[in-house]
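Morning, everyone. Please bring up the model on your screens, and keep the sequence beside it. I'll talk you through some contacts.

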Amino acid sequence: MQEFALIARLAQRLRARRGDTRIGIGDDAAVIAPAAGQELAVTSDTLIAGRHFPDDTAPFDIGFKAIAVNLSDLAAMGAEPAWLTLALTAPALDASWCDAFIDGALAAIGAASVDIVGGDTTRGDLSITVTAIGTLPAAAAITRAGARVGDLVAVTGTLGDAAQGLALWAEREQQQDAHARFLIERLCRPQWRNGSVLRGLVHAAVDVSDGLAADLGHILSASQVGARIDIDTLPASTALMHTVPDAAARRRMQLSGGDDYELCLILPAAQVDAARAAVDAPLTVIGVIEAAPGLRCVDASGAAVDPLQDRAHGWDHFSG
Ligand SMILES: [Mg+2]
């Protein structure tokens, strides 16, 4: 398919829905018109085949994930997602592949009021770069730097699912087990959370893309504090408990496994109920912010444990 024909096809499928999208796909640049007094949160993420998703991932799932990971970054800032651009590099621009890819992208957007306003297509090894733009009231962004001693550490949803989904990837075709299929779906179609509802309730946030230990570590460094977490409180899905019955192995996965795209929130105890009522996933308190730097793990008895001994803390995409 020729690039112009492809762009025309995409423009047809990606008509703007928002009134503040002045010019969407089809001109030299998009024009967006944020309301007076609003700030914009801008983030960009590249997914490369074989590195950020398995080579044989379905185009629907690639489209879904490329969008979801960027909307998750906006969520962690407390921004309302509004606009996306999408740059696709693929070996061949096949119409049915692109349609499935866009189906996945639109599924990730779901009911959110988000327009894909532009992008680019080129030939080359498969990779996708998405830029996401969200809106915020002035000075209301949730950052990594706001954690205070005495705040609680909480996470949305469950942790470790995507890591186990990846471990099960090779057998996915013949996989009949509903738990295994759930975990593989969590890897391929991460559910981004709505972080905008948490503005004013939490002091700091990060989305869990590289593993809880690594991502919480970013908050601790930025806020110049430490944390103690109780590894027996880490929320696990039924599917993860079923497929990884060994508690020590499961906790390692929950602390260091990437790609869950849940939110890790730092908030005062007095706001836990309000945050729990506001956010679109179960919220579990797993620890507390302390003055001493670093991340300490304890078990339910209060004994210090080091579940990640001799292991890298979180995924490093460039170490492999
Ligand atoms: Mg992030």
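Start with a salt bridge: the side chains of Asp259 and Lys65 meet, N to O, at 3.5 Å. By salt bridge I mean a side-chain nitrogen of Lys or Arg within 4 Å of a carboxyl oxygen of Asp or Glu. This pair links distant parts of the chain, 194 residues apart. Lys65 sits in helix 2, and Asp259 sits in the loop between helix 8 (247–256) and strand 10 (263–267). Helices (H or I, at least four residues) and strands (E, at least two) are DSSP runs, numbered from the N terminus.

Are these two buried or exposed? Asp259 counts as buried because its relative accessibility is 12%. Lys65 counts as buried too, at 4%. The cut-offs: buried is under 20% relative accessible area, exposed is over 50%, and partly exposed is in between (1.4 Å probe, protein chains only).

A word on the source. This is a predicted model, where local features need pLDDT of at least 70 and side-chain atom pairs count only at pLDDT 80 or more, while totals for chains, interfaces and linings use all residues. Residues are numbered from 1 along each chain as its sequence is written, and side-chain values use heavy atoms, with hydrogens and water left out.

Now other salt bridges. How many does the structure hold? The total is 14. One of them joins Asp61 and Arg189, at 2.5 Å from N to O. That pair also links distant parts of the chain, 128 residues apart. Asp61 is in helix 2, and Arg189 is in the loop between helix 5 and strand 8. Asp61 counts as buried because its relative accessibility is 10%. Arg189, at 32%, counts as partly exposed.

Next, Arg296 and Glu290. Their closest N and O atoms are 2.9 Å apart, a salt bridge. Arg296 counts as partly exposed, at 27% relative accessibility. Then there is a network: Asp161, Arg186, Arg193 and Glu262 are joined by salt bridges that share partners.

Let's zoom out to the domains. The chain divides into domain 1 (3–137) and domain 2 (152–305), with bounds from an automatic or database domain assignment. The contact between them takes 24 residues from domain 1 and 18 residues from domain 2. Contact here means heavy atoms within 4.5 Å. The C-alpha centres of the two domains lie 26 Å apart.

How much area do domain 1 and domain 2 bury between them? About 1800 Å², with 57% of it on carbon and sulfur atoms. Buried area is the accessible area (1.4 Å probe) that two parts lose on being put together, summed over both. Lys65 comes back here. Together with Ser72 and Ala76, Lys65 supplies 25% of the area that domain 1 buries against domain 2, more than any other three residues.

Across that interface the rule finds 3 salt bridges. The rule also finds 7 residue pairs in polar contact there, both residues at pLDDT 80 or more. A polar contact is a pair of N or O atoms within 3.5 Å; within protein, one must be able to donate a hydrogen and the other to accept it, and residues adjacent in sequence count only if both atoms are side-chain atoms.

Which elements line the side of domain 1 that touches domain 2? Helix 2, strand 4 (80–90), helix 3 (95–109) and strand 6 (127–137) each supply at least two residues. Helix 2 gives the largest share, 11 residues.

Helix 2 also matters for our next stop, helix 5 (residues 178–188). Its buried residues include Ala180, Leu183, Ile184 and Arg186. The buried residues of helix 5 pack against helix 2, helix 4 (161–167) and helix 7 (238–243).

Now the metal. The magnesium ion is coordinated by Asp73 (OD) and Asp207 (OD), at 2.0 to 2.1 Å. Asp73 lies in helix 2 (residues 59–76) and Asp207 in strand 8 (residues 204–207), 134 residues apart. Donors are N, O and S atoms within 2.8 Å of the metal (3.2 Å for Na, K and Ca); water is not among the atoms, so sites may look incomplete. Asp207 counts as buried, at 3% relative accessibility.

Last, two backbone angles. Most residues other than glycine have a negative phi. Ala139 has a positive phi, near 60°. Ala139 is in the loop between strand 6 and strand 7 (152–156), and is exposed at 73% relative accessible area. Gln224 has a positive phi of about 55°. Gln224 is in the loop between helix 6 (212–223) and strand 9 (226–230), and is exposed at 71%.
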